[in-house]
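Here are a few exercises to work through with the model open in your viewer. Try each task before reading its solution.

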Amino acid sequence: MVKNMGLQAEGAGGEPSGTVKELSKYVPEARRKPGELGIAAITFLLGALGYYFALDMTSGEYSSPSVFPKLASIVIMACSAFNFIKAVWREKPEASLTLTGYLLPMDVVVVLVLLVAYCFILPRLHFVASSYAFMVIGMVYLQRGKNIVRALIISAVSLAVLVAVFRYLFLVILP
Amino acid sequence: MEQNLQYFLIPFLSWEMMMLIWVGVFAGIWVGAIPGLSVTMAASLLISFTFSWDLNSALALICGVFVGGVYGGSITAILLNIPGAPAAIATGIEGYPLAQRGEAGKAIGLCTTVSVFASFVGILALSVAAPVIANFSLKFSPRDFFLLAVMGILLIGSIGGGDPIKGITAGAIGVLLSMVGMDPSTGELRYTFGNIYLMAGISFVTAMIGLFGVSEALTQFRNAGKKSPKQNLDRIIPSWTTFLKYLPLSIRSSLLGVFIGALPGTGGDVAALLAYDQAKRTVRHPSRPFGTGAYEGIVAPETANKGAIGGAFIPMLTLGIPGDAVTAIIIGALYIHGLKPGPMLMIETPHLFWMIVSCLSIASVALMVLGLVSVKPFAKIIEIPKEIIMPVVIILSVIGTYAIQNSVVDIFYMIGFGIIGYFLRLYGYATGPMVLGLILGPMLDANYRRAMQGAENQILPFLEGFLTNPISLFLTLSIVFLIVSQTSFYRRWRGLE
C-alpha cells in the first residue's frame, strides 16, 4: 500500500496502467518533481514552528511536556533540510510539467471543490441531501456527463443502503 | 476438568448463543470493513442494547463482533488500499498490489484461512497459559513500554516507502501532531492555540481515514477512466500445500500477536505492524518482493492481529486489566452485569472464562465460513468503476469519521488530512509512517516521561535501567538487532539480498 503510493503518484506521470512496478529497491529519480523544493521547505517550516511553539511549554527537566514536541520538531527540520538539499542536487523538472498541472489535474480540482462545498452544505442541508448531491455531481462529472440517470439511481440506492444500515441497524448518528 | 468441559459446551448447546455469535461475526465483518467504524465502536454500540439481556447472550454477540470486526478491517485494505482499522494498515501494504494484479480473491482467501488459524492459537494460549502470560505482562514497566514504542517507530524503515528520510519526516510529523491537545499527565495544553476543538487532540482514526481513504480517492481521480483490474476468483481457498508453506510464519506471528495483545495498552495494530516488519526481515524467499504483493506480508499481520484477540482477553480475565479497547468495553459490561473482573473472576465464576473461550472458538469457525462466502462479493467491489465507487468511499469515510465523536469538525480534519496525504504521496512521502507516528506518539511520550520520572529525572539511572532490568535489556537488544538487521552487511550475511 504505502510503497504503492509512490507508484500511484508516479503512475500519473506516465506509468503504464495495470503494471506493478518493482518497488523493493529504491531507485531515485533523476529529475525532481515540480514543487518538490517547496514541500521540503513547508515541512521545514512546520518543524521550525513546532519548535518555536514548544518553547512556550514547561521545560527544564528531562520529563517535561516539551521534550517530545521539541525532539519531533528537530527531526522534522533535519530531515526536511536533507530532503531539500537532495532535491536541489537533482535535475530541474521537465519544462512541460507545470506545478499546477502536476499537483492539481482538473479532475482533482473539481473533486476538491466538491469536497469543500460538501463541508459547507453538510451542516445546513444535513447528511442525506448533501451526500446525495455530492455523489450525483461527482459521478456525473467523472463520467463526463454520461449516464446521468444511472448516477441518480446508483446514488439514491447507495445512500438508502447506507442510511438503512448505519442509522437504523447500527444506530450510528449521521451528520 | 469435566466441569470445565461442561462450561465450554454451553454455547454449543444453546441455539440462541450460537445464532448471536454468527450474527456478531457477520455484523463485525461488514462494520469492520468501513474505515472509521472500528470493532471498538461496534462493540460499544452493541453492548448498550445488551444491558437488559442475560450475560451469556451479551458475551456471545460481543465475541462474534470482536472476531469479525478485526477481520473486516483487512478487506478494504486489500481491495481499496483503505484500511478499515489501524490493525489492517500493514495488510494493505501487500494486499493492495495483489488486488491490482487481479489476485484479490486469493489474497482474501489466504487472509481468512490464516486468520482462523491465528484465532485458534490465541484461544489456545488463553485457555492454557493465561495466568503465566498475564503475570509476565504485569512485569512490564513504563521504560519497557517506551522501548516497545521505539520498536514500533523503527517500522518506518519497513512501511516508509522507497525513501527512508521522507518516511522519517512523515513519521516525525505524525508524532508532532499526536502532541496536540491536553497533556494527560500534567494537564498542560500543547499546540492548541486557544482552540477548544484541539484540546482533545487529533484522533488518529480521523487522520487515518483522511490520509488513507480521501487521499487514495483523490489519487485515483488522477487516473479517472482507467479500467479497474479484472479479479481472478477461480481459486479462493488456499491449497493445503500453500497453508503448510505459510504455517511457520503463521505460528510465529500468531504468538507475537498473543503476547503483544496481552500487554495492557497495546493491541492488534501494534502487533500487526511488528509482525509485518518481522516477516520482512526474516523471510528469505518471499512469493514476491515485499511491497509488490508478497503473500507473506498478508499472513504475518493478519495472524498477529487475530492472535492478539485471544491475547487481549488474558489480562482481562485473569487480572481485570483490559488488553485493548474492546476488552475494556467488555470489562464495563461485566461490571454492569454485577461481576468483578480480576483474579477472583476465574475462581468464583469459572464458567464465564470457559464460555468466552467457547464463544471465541465458535466465532472463529463462523469467520471461516462467512469470510470465505463473502470473498466473491467483496472482490467484485474492486471491479466497480472508480467514478462510481470513489464518491461512495468518500461518503463512507464521512460516516465513519462523524461516528467517532459525532463532530462535524472531525469531518473537516479528515478532509484536511486527505488533502495533505494526497500532496505528500505525490512527492513520495508515505502516509503510513504519519499514522504510525500518530498512534505511537502518545505511547512514546507518556512512557518515556514516566520512566524518566521513575529515575528522578537523572539521565544515568534512566539509562542504567535499560541494562539492569531483564525485560528492558531484552527489548534494548531487540532494538539493536532491528537496527543492525536493516544494514546491507547483515542482509548480505543472511542471504536476504
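**Exercise 1. The charged pair across the interface**

Task: Find the partner with which Glu36(A) forms a salt bridge, and say how far apart the closest N and O atoms are.

Solution: Keep in mind that this is a predicted model.
- Start at Glu36(A) and look across to chain B: the salt-bridge partner is Lys166(B).
- Check the gap: the closest N and O atoms are 3.0 Å apart, and the cut-off for a salt bridge is 4 Å.
- Now count: chain B and chain A have one salt bridge between them.

**Exercise 2. Sizing up the interface**

Task: Work out how much area chain B and chain A bury between them, and what share of it is on carbon and sulfur atoms.

Solution: Go from area to residues.
- The size of an interface is often given as the accessible area lost when the parts come together.
- Here the two chains bury about 7400 Å² between them, with 75% of that on carbon and sulfur atoms.
- On chain B's side, Arg222(B), Ile395(B) and Tyr427(B) supply 9% of the area buried against chain A, more than any other three residues.
- As for who takes part, the contact draws 78 residues from chain A and 90 residues from chain B.

**Exercise 3. The make-up of chain A**

Solution: Read along the chain.
- Of the contacts in chain A with a separation of 6 or more, 50% come from residues 24 or more positions apart.

**Exercise 4. A lysine without a partner**

Task: Look at Lys70(A) and name the nearest side chain of opposite charge.

- Lys70(A) sits in helix 3 of chain A, which runs over residues 67-89.
- Lys70(A) is buried, and the nearest opposite charge, on Asp56(A), is 9.5 Å away.
- That gap is over the 4 Å cut-off, so there's no salt bridge here.

**Exercise 5. A nonpolar patch**

Task: Decide whether Val157(A) is buried, partly exposed or exposed, and find the patch it belongs to.

Solution: Take accessibility before the neighbours.
- Val157(A) is in helix 6 of chain A, residues 148-169.
- Its relative accessibility is 47%, so Val157(A) counts as partly exposed.
- Together with Ile148(A), Val149(A), Leu152(A), Ile153(A) and Val161(A), Val157(A) makes a nonpolar surface patch of about 510 Å².

Technical notes: Residues numbered from 1 in each chain as written. Chains lettered and ligands numbered in written order. Predicted model: local features only at pLDDT ≥ 70, side-chain atom pairs only at ≥ 80, totals over all residues. Heavy atoms only, no water. Patch = residues over 30% accessible without salt bridge, like charges linked within 9 Å, V, L, I, M, F, W, Y side chains within 5 Å. Areas by Shrake-Rupley, 256 points an atom, 1.4 Å probe, with all protein chains shown as cover. Helix = DSSP H or I, 4+ residues; strand = E, 2+ residues; numbered from the N terminus. Buried < 20%, exposed > 50% of the residue type's maximum accessible area, 1.4 Å probe, protein only. Lys, Arg positive; Asp, Glu negative; His and termini not counted. Contact = heavy atoms within 4.5 Å. Buried area = accessible area lost by both parts, 1.4 Å probe.
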